[in-house]
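Work through the exercises below with the sequence and the 3D structure in view. Each task is followed by a solution in steps.

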Amino acid sequence: MKTDLDTQRRRFLKVGALAVGGTLLPGFAGAKEVDGGFTVPDLDFEFGALAPHIDAKTMEIHHNKHHASYVNKLNETLAMSDGLKGKNIDDLMGALAAVKDEATRTALRNNGGGHWNHSAFWKILAPEKEAGKPSEELGAAIEKEFGSGEAFRKQFGTAAEKRFGSGWAWLIVKDGKLKVTSTANQDNPLMKGIVPDEETGTPILGLDVWEHAYYLNYQNRRPDYISAWWNVVNWKEASKRYAAAI
């Protein structure tokens, strides 16, 4: 749904004019600066379109509250960091290790990561009837690297389930091959020099396993949420990401 975020955007602009622009990696459009600050990208579907797998209330709070909070704090940090102006969100994530001020680096890691991760997450979701299946190329790569689609889903699900506390599970391309990994909190595979090398690469799929992503409907049943999520994976988007990555 093209969510009305005008009120939030007006508030974001108060933190000061920024020269930070650009978009996410191909297919993650919307996570860009508008009139001086990053904004929460609109969803491509109604809040309730993913039900019963992800309920409408969770989607609304997740998108309008949690993601908005990351964007607001990211803009505040960038407004006070002249040396970071002119970088898009991908560049910010990839250049974290070069940020010398620890407080600024931590704020960018947490809030820039939250913005990048959630912007990617929204694009990789689709109503069940539109979810589709992996492209021939991505399907073949999954078969080659994991043995079967079922084996891949099991490995990915295990990474998501066993991520202690808050974090993400990822399918990435690294050195031309698919790999499953996970990161803590709002870290992501673009953060070279920040996260362990084995976690870095180009993200194809990302699953949010913070409790705010599922607790209203699933409570402590993270495995049930993970299982349900497969029904609303936007495989067309994932396939596009894979084609760009290789």
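**Exercise 1. Compare the length of helix α4 (residues 102-123) with the span expected for it, and state how many of its residues are buried.**

Solution. Step 1: helices (H or I, at least four residues) and strands (E, at least two) are DSSP runs, numbered from the N terminus. Helix α4 has 22 residues.
Step 1: the expected span of a helix is 1.5 Å times one less than its number of residues.
Step 2: buried means under 20% relative accessible area, exposed over 50%, and partly exposed in between (1.4 Å probe, protein chains only). Of the 22 residues of α4, 16 are buried, and the helix is mostly covered.

A note on the source: this is a predicted model, in which local features need pLDDT of at least 70 and side-chain atom pairs count only at pLDDT 80 or more, while totals for chains, interfaces and linings use all residues. Residues are numbered from 1 along each chain as its sequence is written, and side-chain values use heavy atoms, with hydrogens and water left out.

**Exercise 2. Describe the chain as a whole: its elements, their order and its buried share.**

Solution. Step 1: the chain has 9 helices and 5 strands.
Step 1: along the sequence they follow the pattern α-β-β-α-α-α-α-α-β-β-β-α-α-α.
Step 2: of the 246 residues in the chain, 52% are buried.
Step 3: contact means heavy atoms within 4.5 Å. Among contacts between residues at least 6 apart in sequence, 71% join residues at least 24 apart.

**Exercise 3. Which residues of α6 are buried, and where do they lie around the helix axis?**

Solution. Step 1: check the length. The 14 residues of α6 should span 20 Å at 1.5 Å a residue, and the end C-alpha atoms are 20 Å apart, which agrees.
Step 1: list the buried residues, which are G149, F152, F156, G157, A159 and A160.
Step 2: find the cover. The buried residues of α6 are covered by elements including α5 (136-146), β3 (167-174), β4 (177-184), β5 (202-208), α8 and α9.

**Exercise 4. Trace the aromatic pairs that involve W230 and F156 or W235.**

Solution. Step 1: rings of Phe, Tyr and Trp (its six-membered ring) pair if their centres lie within 6.5 Å; planes under 30 degrees apart count as stacked, over 60 as edge-to-face and the rest as tilted. The whole structure holds 13 aromatic pairs.
Step 1: one of them joins F156 and W230, with centres 5.4 Å apart and 65 degrees between the planes, and is edge-to-face.
Step 2: this pair links distant parts of the chain, with F156 in helix α6 (residues 149-162) and W230 in the loop between α8 (222-229) and α9 (235-245), 74 residues apart.
Step 3: W230 also pairs with W235, at 6.4 Å centre to centre and 10 degrees between the planes, and this pair is stacked. Both W230 and W235 are buried.
Step 4: ring pairs link F146, F152, F156, W229, W230 and W235 into a cluster.

**Exercise 5. Work out how β3 pairs with β4 and with β5.**

Solution. Step 1: two strands pair if DSSP finds at least two bridges between them. β3 and β4 pair in the antiparallel sense over 8 bridges, and V173 has L178 in β4 as its bridge partner.
Step 1: the hairpin of β3 and β4 has 2 residues between the strands, and D175 takes a positive phi near 55 degrees.
Step 2: β3 and β5 also pair in the antiparallel sense, over 6 bridges. Here W170 stands opposite G206 in β5.
Step 3: 6 of the 7 residues of β5 are buried, so β5 is largely enclosed by the rest of the structure.
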